[in-house]
Amino acid sequence: MNTDITALLEIEWSTILPFLVPVVFLNVLLIGVALYDWVKRKDLIATPYSWLMAILLVQSLGPILYLVIGRKVIRNDYSRKS
């Protein structure tokens, strides 16, 4: 394992930050939107906790998959009274 952090000091952060900040911001925004929607709809979603793990652990791809696929997978709970 490389623990030499002097390589980080040699990076020109001023050239990387303009590209890195929007990517990090969009990722955090995507996770926030997915988590907000998950909280609102967790009683309706089939396997809600597996989708929560996907949102939190699979960066960028998990929230996208949840918003595209997970929202449409509705629990078929016929025992629930309406």
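This is a predicted model: local features need pLDDT of at least 70, side-chain atom pairs count only at pLDDT 80 or more; totals for chains, interfaces and linings use all residues.
**Entry 1: the core.** I looked up the largest nonpolar core and found nine residues: Ile31, Ala34, Trp38, Ile45, Trp51, Leu52, Ala54, Ile55 and Tyr66. The largest share, four residues, comes from α3.

Entry 2: I picked Ala34, which belongs to the core. I set aside its neighbours within four places in sequence and listed what remained in contact with Ala34: Ile55, Pro63, Tyr66 and Leu67. Of these I note that Ile55 and Tyr66 are also listed in the core.

**Entry 3: helix α3.** I listed the buried residues of α3 and got Pro48, Trp51, Leu52, Ala54 and Ile55. Seen down the axis of α3, these buried residues fall within an arc of 160°, so they line one face of the helix. I recalled that an α-helix has 3.6 residues a turn, so residues three or four places apart point the same way. I also checked the other side of α3, where Tyr49 and Leu57 are exposed. What covers the buried residues of α3? The cover includes α2 and α4, the latter being residues 61–70.

**Entry 4: Arg41.** I found Arg41 in helix α2. Is Arg41 buried or exposed? Its relative accessible area is 19%, and the cut-off for buried is under 20%, so Arg41 counts as buried. Not counting residues up to four places away in sequence, Arg41 touches Tyr66, Arg71 and Ile74. Tyr66 had already come up as a contact of Ala34.

Key
Residues are numbered from 1 along each chain as its sequence is written. Side-chain values use heavy atoms; hydrogens and water are left out. A nonpolar core is a set of buried Ala, Val, Leu, Ile, Met, Phe, Trp, Tyr and Cys residues joined through side-chain atoms within 4.5 Å. Buried means under 20% relative accessible area, exposed over 50%, partly exposed in between (1.4 Å probe, protein chains only). Helices (H or I, at least four residues) and strands (E, at least two) are DSSP runs, numbered from the N terminus. Contact means heavy atoms within 4.5 Å. The arc is that of the directions from the helix axis to the C-beta atoms.
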